[in-house]
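Subject: Structure handover

Hi there,

Here is the structure I promised to pass on to you. Please have it open while you read, and my notes follow below.

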Amino acid sequence: GPFIQLGTKDDEDKPKFASLKPGQRIDSITLADALTLLSLPRVVGKDEEGREITASIGRFGPYLKIDGKFTSIKDDDPYTITEERAREVLLEAKDRDSKKIIKKFDEGNISILNGRYGPYITNTEVNARIPKGTKPTSLNLVDCQELLAKAAANPRRRRPKKT
């Protein structure tokens, strides 16, 4: 699609590129619009620990980045998001991540996590379903190891690739 470019390939530094926003037309872009599009990634501010918060738009939409961790910002504009709002979004994401872990066993690096489709057991290599009617908090280490062993022995069949 159409994009804005700052610089040329002959310059010492690589040229900077920015895609147009949805609804923008290449023939109606002003210099101010182009400079706004090229302003990303921009530093929004710092968090409570003094780490830099950066806002940008990536492959999967707008996001905030802090210490290499990406957090999606669906409802906010990366061009105008404030430091206070960015801190709120990051705090909500941190709360969401903390609710993800139901139970953790140090032995074997086994965890019971709350996933997109419900709770499951993982050892970072194999994921296992929790049987229906079983409460995830009632499982112990031995039960988890057995369920992971069954899951490893019966890998799910994958659909054949279409050519």
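Let me start with a pocket. Helix H2 gives the largest share of the lining of the second largest pocket, namely six residues. Please keep in mind that this is a predicted model.

Sorted by class, the lining of the second largest pocket holds nine charged, four nonpolar and three polar residues.

The largest pocket comes to about 530 Å³ in volume. It is also lined by 16 residues, with Tyr120, Asn127, Ala128, Arg129 and Arg156 lying nearest its centre. Strand S9 (118–122), strand S10 (127–129) and helix H3 (141–153) are the elements that each give two or more residues to the lining of the largest pocket. Here the classes split into eight nonpolar, four polar and four charged residues.

S7 is joined to strand S8 (residues 110–115) by four bridges, and the two run antiparallel. Phe105 has Ile110 in S8 as its bridge partner.

The loop between S9 and S10 holds Thr124. What is the phi of Thr124 near? The value is near 70°, which is positive in a residue other than glycine. Most residues other than glycine have a negative phi. Thr124 has a relative accessible area of 63%, so it counts as exposed.

S3 and S4 pair antiparallel over four bridges, and Val43 has Thr54 in S4 as its bridge partner. The hairpin of S3 and S4 has five residues between the strands, and Gly50 in it takes a positive phi near 85°.

S4 and S5 also pair in the antiparallel sense, over five bridges. Two residues link S4 to S5 in a hairpin, and Gly58 is bridged to Gly61 in S5.

S5 and S6 are paired antiparallel too, over four bridges. The hairpin of S5 and S6 has two residues between the strands. Asp67 is in the loop between strand S5 (61–66) and S6, and its phi is positive, about 50°, although it is not a glycine. Is Asp67 buried or exposed? Its relative accessibility is 58%, so Asp67 counts as exposed.

Within strand S4 (residues 52–58) sits Ser56. Is Ser56 buried or exposed? Ser56 counts as buried because its relative accessibility is 7%, against a cut-off of under 20%. Leaving aside neighbours within four places in sequence, Ser56 is in contact with Leu40, Pro41, Gly61, Pro62, Tyr63 and Pro78.

Leu40 and Pro41 from that list deserve a look of their own. The peptide bond from Leu40 to Pro41 is cis, with omega near -5°. Most peptide bonds are trans. As for its place, Pro41 lies in the loop between helix H1 (31–37) and strand S3 (42–46).

That is the tour for now. Happy browsing, and do write back with any questions.

Best wishes

Methods:
Residues are numbered from 1 along each chain as its sequence is written. This is a predicted model: local features need pLDDT of at least 70, side-chain atom pairs count only at pLDDT 80 or more; totals for chains, interfaces and linings use all residues. Side-chain values use heavy atoms; hydrogens and water are left out. Buried means under 20% relative accessible area, exposed over 50%, partly exposed in between (1.4 Å probe, protein chains only). Contact means heavy atoms within 4.5 Å. On a 1 Å grid over the protein atoms alone, a cavity is a set of points where a 1.4 Å probe fits but cannot get out, and a pocket is an open set with protein on both sides within 12 Å along at least five of seven lines; lining residues have an atom within 4 Å of a point. Grid points are joined across faces, edges and corners, and a volume is the space filled by probe spheres set on the points. Ala, Val, Leu, Ile, Met, Phe, Trp, Tyr, Cys and Pro count as nonpolar, Asp, Glu, Lys and Arg as charged, and the others, Gly among them, as polar. Two strands pair if DSSP finds at least two bridges between them.
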